[in-house]
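My notes follow in the order in which I checked things.

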Amino acid sequence: MTALTVALRAQTQVLGLAIFYNRFVAKVTEGGYTLVAPAMINAGIYDPDVIFNLVQGMSAVPYSALAKGIPELMADPAAYQAVGEAALQSFAAAFKLIYYITIAFGAPACVAAAFMGDVGKYMDENVAVKL
C-alpha cells in the first residue's frame, strides 16, 4: 500500500509541476509583452529582437543578467529600474495565478484525504525488502 501511495504521489507531483511551470511561463511571457515591452519602448529600445529576447528569457534567466546584454538599459539607470519594475510586476501576476492553481488542486486533495479512512491496519512490522 505504501509503495502505491508513493508512486501516485510522485506521478501527481510531476503532473502538478508541469501544469505550474507551463502556466507560470505563459503568464510571465504575457506580462512581458503587456508590461515589459512598453517599458522598453519608453526607455528608447525599439529593436523587436532585443525586446523579444528579453521577454522570452525572463522565465529562465534573471532580469539583471539579461539587462547586461542591452547597452541602452545599462547606460540609463532610470530605464534599467523602470524595465526591472515591469518585469517584477509580470512575475507578481504569474505567482498570483500559481497560487490560485494550488487552491484548485489543494482543496480537493484535502477533501479526499478527509475521506481516506484509517490506514492503521496497513501499519505493521512487515518489511517488504530487508537490506
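Entry 1: I began with Ala-43, which at 23% relative accessibility counts as partly exposed. I use buried for under 20% relative accessible area, exposed for over 50%, and partly exposed for in between, with a 1.4 Å probe and protein chains only. Ala-43 sits in the loop between α1 and α2. Ala-78 is 8.4 Å from Ala-43, C-alpha to C-alpha, and 35 residues apart from Ala-43 in sequence. Ala-78 belongs to helix α5 and counts as exposed, at 54% relative accessibility.

**Entry 2: what I am working with.** This is a predicted model, in which local features need pLDDT of at least 70, side-chain atom pairs count only at pLDDT 80 or more, and totals for chains, interfaces and linings use all residues. Residues are numbered from 1 along each chain as its sequence is written, and side-chain values use heavy atoms, with hydrogens and water left out.

**Entry 3: overall build.** I counted secondary structure and got five helices and zero strands. Along the sequence the pattern reads α-α-α-α-α. Helices here are DSSP runs (H or I, at least four residues), strands are runs of E of at least two, and both are numbered from the N terminus. The C-alpha atoms fill a box of roughly 70 × 35 × 20 Å along the principal axes. I looked up the radius of gyration and found 23 Å, whereas a compact globule of 131 residues would have one near 14 Å. That radius is taken over C-alpha atoms, and the globule rule is 2.2 Å times the number of residues to the power 0.38.

Buried residues make up 22% of the 131 residues. The protein exposes about 9300 Å², and carbon and sulfur atoms supply 66% of that area. The areas come from the Shrake-Rupley method with a 1.4 Å probe, and for residues only the protein chains shown count as cover. Of the contacts between residues at least 6 apart in sequence, 59% join residues at least 24 apart. A contact means heavy atoms within 4.5 Å.

**Entry 4: helix α5.** Does the length of α5 come out above, below or in line with what 1.5 Å a residue gives? The 38 residues of α5 (residues 77–114) should span 56 Å, and the end C-alpha atoms are 54 Å apart, which agrees. The expected span is 1.5 Å times one less than the number of residues. At the start of α5, a side-chain oxygen of Asp-76 comes to within 3.2 Å of the backbone nitrogen of Ala-78.

The buried residues in α5 include Ala-79, Val-83, Gly-84, Ala-94, Ile-98 and Ile-101. I checked Ser-90, also in α5, and it counts as buried at 1% relative accessibility. Leaving out residues up to four places away in sequence, Ser-90 touches Lys-27, Val-28, Gly-31, Gly-32, Leu-35 and Met-58. Ala-92, in the same helix α5, is partly exposed, with a relative accessible area of 41%. Ala-92 and Lys-27 lie 9.7 Å apart, C-alpha to C-alpha, and 65 residues apart in sequence.

**Entry 5: aromatic rings.** How many aromatic pairs does the structure hold? I found four. Rings of Phe, Tyr and Trp (its six-membered ring) pair if their centres lie within 6.5 Å; planes under 30 degrees apart count as stacked, over 60 as edge-to-face and the rest as tilted. The ring centres of Phe-24 and Phe-95 are 5.0 Å apart with planes at 50°, so this pair is tilted. The pair links distant parts of the chain, with Phe-24 in α1 (residues 2–42) and Phe-95 in α5, 71 residues apart. Phe-24 is buried, at a relative accessible area of 13%. The rings of Tyr-99 and Tyr-100 also form a tilted pair, with centres 5.9 Å apart and planes at 55°. Ring pairs join Phe-24, Phe-91 and Phe-95 into a cluster.

Entry 6: In α2 (residues 48–57), I listed Ile-51, Leu-54, Val-55 and Gly-57 as the buried residues. Asp-47 caps the N-terminal end of α2, with a side-chain oxygen 3.1 Å from the backbone nitrogen of Asp-49. Thr-29, in α1, is buried at 15% relative accessible area. Thr-29 touches Val-55 and Gln-56, not counting residues up to four places away in sequence.

Key:
Polar contact = N/O pair within 3.5 Å; in protein donor to acceptor, adjacent residues only side chain to side chain.
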